[in-house]
Amino acid sequence: MVDDVFDEVGLKVENLHASYGAVEVLRGLDFEVAAKGVSVILGANGAGKTTTLRAICNMCNTSGSVTLGDEDITRTGTAEIVRKGVAHVPQGRGTFPELSVLDNLMIGAYTRKDKEVKDDVDRWFEIFPRLSERSDQLAGSLSGGEQQMLAVARALMCRPRLLLLDEPSLGLAPLIIEDLFERFTTLNKETGLTMLVVEQNANLALEMADYGYVIESGEITLSGTADQLKNDPAVQEAYLGA
Amino acid sequence: MTWNFDILPDFIFNGLSLGAIYGTVALALVLIFKATTLINFATGELAMLGAFLVYVLHMEQGLWLWLSMALAMVLSAGLGVLIERTLTRPFDPEDHLPVVLITLGLFLIINAVAGDIWNYQVRILTNPFGKFPDWVPSVGGDRFVEVFGSRLKYQSIGIWLTLAVALFALGLILNRTKAGLAFRAVSSNVESARLVGVHTGRTLGFGWAIASAFGTLGAVLVAPQLGGVNPNMMATILIYALAGAALGGLDSLGGAVLGGILVGLIQAVLVTWGGVVVFGQLYMSILQLAAAFLIILIVLLFRPSGLFGTRRVERV
């Protein structure tokens, strides 16, 4: 058990274990994301970052407990977790390459039954004009940065309460990464969307986050506010290149 | 007999109508392959079962032929959903061997059950396009029209029109409905589909349903060319359809139709000239089947994605 760090909890994960076959990848993680807050999980390749997000969405063998708001979603199926308001932008974007940009956005709204889907498409097209220009193009033909924008816009089409971002900076040029993280920050400030980001790019991630965790070999070795982590010598050495 | 170009339109017409049927069955194969990268070897037998449903409803129960066809397509669709739910969903979708073996088992079981119920004799099934309806003005005969000095059968025209309507309907379902969008999403990226809340199992069931309905349609259309329905009616048709699907690209719906039609044309060439000129009448049917295998072999060797299949267009 961890003490509640935040007044209002968006996501609470306790004693999370996950394994692929006989290999245990997560060995009892405890962490939280504040409601309307941004938490970041820092870690090197193979530390278990991607698995952490997959475990939250029940996409691998897990034990422990995952609570969204005040609802236990540990045993909820992936497709139902989406209906409860969790959007996941997987590593490598996870767009639908054979579908048009517009269809990618429409499928993002698959769980919605309201009449405002078209309005939301227009809204994201306004925010990401590049996508609007390529509305009819196949998603597979977009550049890496455009695909990442599409993946984020697609995730937001389901109007989530919680956005999970898996290494959004991976494989993108520095300028594009900065632009992307600025947009994430704006999104969080303007809409109060709760976010959990896993990243290797600690600089930008800590800039955006209000709380952070460091994960090594499937265990959390360090946690604190973003400022505390930024000033932590170990973090500086390992992730900030100081 | 030598090369005789007077019969050119004849073989083109025959090839195009047989090919359209192969294309229909190839569509059934591709619909399931697209979503699961799995060949459903029971496609032909499910189609045969659908044709027998039409036989029972129409010939035995006396229902209107087209109503019987519609009912049979709905029932086969339901059977497709049932098979997906009970026989394929419990298995790991990444591990193809068990599911392929299951479809092979289904092939044998359905064939044996049909043989037990209806025995292996050919039973006549009304040709949906036997004669022109009365309101069509006669231009040659009541079963064909004269085109380029050849007989274009009403049956051929009917098959083409039916396929055109079916393709149009399929296009609407896949491109204009939410279930169709979900199906295309699952075909493109299963994991991401799950992450936007698509129930992938149900969506695959939907694919099985449409595929089974298309198979049934193909079987009903081909029955008159075989003299009627019998439990083994789809055995060779499935091989030609497989050749068509491989040729067009196993994950391309349009490719399946075009590939099927091409195979029909190739077959018609062999029937009209190849068999007679090269090997004599005796080897004709063997030659046709061999050609189908040859097409599959050549495509797999030199262009595994077929003519229209996607070689992934992803940029990372």
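Me: I'd like to start with the two chains. How many residues of chain A are in contact with chain B?

Reply: Happy to start there. In this predicted model, 25 residues of chain A are in contact with 20 residues of chain B. Among the elements of chain A, α2 (78-83) and α3 (101-108) each supply at least two residues of the side that touches chain B. By class, that side of chain A has twelve nonpolar, ten polar and three charged residues. As a general idea, the size of an interface is often given as the accessible area lost when the parts come together.

Me: Next, the sheet in chain A. In what order do the strands of this open sheet lie?

Reply: The general idea comes first: strands of a sheet pair through backbone hydrogen bonds, either parallel or antiparallel. Here four strands form an open sheet in the order β2-β1-β4-β5 of chain A, and the pairing is antiparallel. At the edges are β2 (23-34) and β5 (71-72) of chain A, each of which pairs on one side only.

Me: How many bridges join β4 and β5 of chain A?

Reply: Strand β4 of chain A, residues 61-68, pairs with β5(A) in the antiparallel sense over two bridges. To find the place on your screen, look for A:Thr67, whose bridge partner in β5(A) is A:Asp72.

Me: Which strands does helix α1 of chain A lie across?

Reply: Helix α1 of chain A, residues 49-56, lies across β1 (9-20), β2 and β4 of chain A. Relative to β2(A), the helix runs at about 70 degrees.

Me: Let's move to chain B. At what angle do α1 and α9 of chain B pack?

Reply: Helix α1 (residues 8-36) and helix α9 (residues 235-248) of chain B pack at about 70 degrees, and their axes are 8 Å apart. Angles of 65 to 115 degrees count as roughly perpendicular, so α1(B) is roughly perpendicular to α9(B). The crossing of α1(B) past α9(B) is right-handed.

Me: Which residues make the contact between these two helices?

Reply: From α1(B), the contributors include B:Tyr22, B:Val25 and B:Leu29. From α9(B), they include B:Ile237, B:Ala241 and B:Gly248. By class, the residues of the contact of α1(B) with α9(B) are eleven nonpolar, three polar and no charged.

Note on methods: Residues are numbered from 1 along each chain as its sequence is written. Chains are lettered from A and ligands numbered from 1 in the order in which they are written. This is a predicted model: local features need pLDDT of at least 70, side-chain atom pairs count only at pLDDT 80 or more; totals for chains, interfaces and linings use all residues. Two residues are in contact if their C-beta atoms, placed from the backbone, lie within 7 Å. Ala, Val, Leu, Ile, Met, Phe, Trp, Tyr, Cys and Pro count as nonpolar, Asp, Glu, Lys and Arg as charged, and the others, Gly among them, as polar. Two strands pair if DSSP finds at least two bridges between them. Axes are lines fitted to C-alpha atoms, for helices over the stretch in contact, and angles run from 0 to 180 degrees between N-to-C directions. Angles under 35 degrees count as roughly parallel, over 145 as roughly antiparallel, 65 to 115 as roughly perpendicular and the rest as oblique. A crossing is left-handed if the near helix is turned anticlockwise from the far one by less than a right angle, and right-handed if clockwise.
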